[in-house]
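The sequence and coordinates come first.

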Amino acid sequence: MTRSLLRFAAVVLVVGALLVALIAWLNVRGEEPLDTAASTAPASPEQIERGAYLARAGNCLGCHTERGGAVYAGGRGVPTPFGTVFAPNLTPDATHGLGQWTAAEFWRALHHGRARDGRLLYPAFPYPNYTRVTRADSDAIFAYLRSLPAVAQANRPHELQFPFNQQAALAVWRALYFRPAAPEADATRSAEWNRGAYLVDGLGHCNACHASRNALGATATPLDLAGGLIPVQNWYAPSLASPLEAGVADWADADVVALLKTGVSARGAVMGPMSEVVSGSTQHLSDPDLRAMAAYLKALPPSDATRAPGSPAPADGPGAKLYDKHCAQCHGDQGEGAPGAYPALAGSRAVTMTSAANLVHVVLEGGFPPATAGNPRPYGMPPFATVLSNEDVAALLTHLRGSWGNRAAPVSAVDVGRFRNAK
Amino acid sequence: MNATLCRIALVLLTLAGAAQAAPKVEDTMAQRMQACTGCHGPQGRAASDGYYPRIAGKPAGYLYNQLLSFRDGRRQYGLMNNLLAPLTDDYLQEIAAHFAQLELPYPPPQPATAGVDVLTRGETLVLKGDAALRVPACIACHGAALMGVAPSVPALIGMPRDYLNAQLGAWRAGSRHAMAPDCMAQVAQRLAPSDISALSQWLAAQTVPASAKPATTLPAPLPLPCGGVPGSPR
């Protein structure tokens, strides 16, 4: 009796030890010893400038600068279902920033997701994407960050719930979902497509938002762009592959470039969290790079999107009355919009896509498209949070989704409440 | 023949109808700023009975500093923080200048609901301050007419009582900030909640004279250093 119990315990121990060893091995696979010799060469102005451009492409500033805070000094929280992860200081400060880091250690952080002291990093830092960044680009970004003024701002500890605040939990997550990747070119595709893939899937980390996540916060496949609800913020980042959402397969290249460069285009405008991406990142990219992103996005295999059919909205219901009172003045009696100022609602995928999350946000919170060099004085929409009840918003959105040829499913007051209370 | 004519007429009518229905969009700041006037009232001249403050005719520098503070998180109000997040310094400056140059009549004041003692306390604080609390008179910074001082000190009259209460309360509690040194935070923290209520009661009950505008110069050097105000002592 005791002997079989002992044997069982021994088996459990051995299996456990093997599992721990496997997880540990999976966490450092593909890592070469840190090469410190190469990091002594001083950076050239060209390399620093290149690094500044690449940091824009990665929108590093977006997380590593607090609202109104010192540039790159960290402190902004990334809300996740497991708690808040605070982006650290990337200035050359010796105590709190990258002052003591080498280029090799920086590359290991991007490529393998490990800190200078070897700690595993949380994937709120999108190293599952940055792992595809080349060593040369990593070195350029590092050289740029080292050229910034040092800011002695202490890093804020993450606020994560147990067990997600444990390195062991992170090791298990990484063993399951993270694999370092080499920046590989697809020889069957054009150089432009490959450049686009590098920017969209690598530095741009588009799928950090444009993909759904499982219960452990991992994307379905590493480079999925099939759309998803952004955790905690509850804006829906639409599918970039679906013709019913934000797929651009039938767009002219120039429209994709205009959207990313100015925030507005003949086919639609950006709003919500994407405004921040255009402001901080894509408006600064070169036209060839934006065309490359367009080429890659246009070539994504279209997903077989289906949507629940809706029925026409009554022309004299409560939604129609609210529309006439609050919306028609700018968006037009027939939802036709006004080019360059107010988006059309008739035939708009932003109106008809299955998730109504963004519609609720826009009606309640209003907003401006980003002010960019190409669209410096955008037209704005007022917030209606203080004017319209959940029932009003539901009636209004149901009207938009069932009028002027739109045939999308109605929106309920419960749906509106779900997104109204989200923050 | 007749049928064809009818059809042509119908098509023409439909076209005319469609042309009429198209929204008229002017290439003006007023058109662009419809996002603001939903809450701040037509042209930014909010009535005194609501919560949202009037923005029309406030000094441009003050409005610009507030827009920056909302965008960068020194002032907290979710709708304003979100709305301004994607806008640039240049555009915020243009927005401030747009609302500052509007000259529009003010609404009638809000009748006070407090007793004489409270209103007397409010009036004393506004006109004389309270040396024991080290609180300067409001008029020392906001101008003898309380209409503010261009470019950065705002008017204190012509605003809803609830808004005044909320702002002084937020400064006292540390949830509203101005650029450092934050003189209003220091003043508000020296006031008791009953003082704040007395101030709001008295200020909201004042009539704004017709064609009142911000003063152009400070009555005297500021009694304490204030960030964002040109010429402030350091």
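## Model and chain contact

The model is predicted. The contact between the chains draws 32 residues from chain A and 25 residues from chain B. On the chain A side, the elements that give two or more residues are helix H10 (273–280) and helix H13 (328–331). By residue class, that side of chain A divides into 14 nonpolar, 11 polar and seven charged residues.

## Makeup of chain B

Chain B has 11 helices and zero strands, and its pattern along the sequence reads α-α-α-α-α-α-α-α-α-α-α. Of its 234 residues, 39% count as buried. Among contacts in chain B with a separation of 6 or more, 70% come from residues 24 or more positions apart.

## Helix H9 of chain B

Helix H9 of chain B covers residues 161–173. Its 13 residues should span 18 Å at 1.5 Å a residue, and the end C-alpha atoms are 18 Å apart, which agrees.

Which residues of H9(B) are buried? They are Arg161(B), Leu164(B), Leu168(B), Trp171(B) and Arg172(B). Seen down the helix axis, these buried residues fall within an arc of 105°, so they line one face of H9(B). Their packing partners are helix H10 (183–190) and helix H11 (193–204) of chain B. After H9(B) comes Gly174(B), with a positive phi near 85°.

## Helix H4 of chain A

Helix H4 of chain A, residues 103–112, is mostly covered, with seven of its 10 residues buried. The buried residues are Ala103(A), Phe106(A), Trp107(A), Arg108(A), Leu110(A), His111(A) and His112(A). They pack against helix H5 (127–130) and helix H6 (135–146) of chain A. The residue that follows H4(A) is Gly113(A), and its phi is positive, near 70°.

Most peptide bonds are trans, and most residues other than glycine have a negative phi. The exceptions in this section concern the peptide bond; those in the next concern phi.

Where in chain B does Pro151(B) lie? Pro151(B) is in the loop between helix H8 (139–142) and H9. The bond joining Ala150(B) to Pro151(B) is cis, with omega about 0°. A cis bond also runs from Ala180(B) to Pro181(B), where omega is near -5°. Pro181(B) belongs to the loop between H9 and H10 of chain B.

## Positive phi in chain A

Asn59(A) is not a glycine, yet its phi is positive, near 50°. This residue sits in the loop between helix H2 (45–57) and helix H3 (60–64) of chain A. Is Asn59(A) buried or exposed? A residue is buried if 20 or more other C-beta atoms lie within 10 Å of its own. Asn59(A) has 22 other C-beta atoms within 10 Å, so it is buried.

His205(A), again not a glycine, has a positive phi of about 35°. Its place is the loop between helix H8 (191–203) and strand S4 (228–229) of chain A. His205(A) has 23 C-beta neighbours inside 10 Å and therefore counts as buried.

Conventions. Residues numbered from 1 in each chain as written. Chains lettered and ligands numbered in written order. Predicted model: local features only at pLDDT ≥ 70, side-chain atom pairs only at ≥ 80, totals over all residues. Contact = placed C-beta atoms within 7 Å. Helix = DSSP H or I, 4+ residues; strand = E, 2+ residues; numbered from the N terminus. Nonpolar A, V, L, I, M, F, W, Y, C, P; charged D, E, K, R; others polar. Expected span 1.5 Å × (residues − 1). Buried ≥ 20, exposed ≤ 12 C-beta atoms within 10 Å, placed from the backbone. Arc of directions from axis to C-beta.
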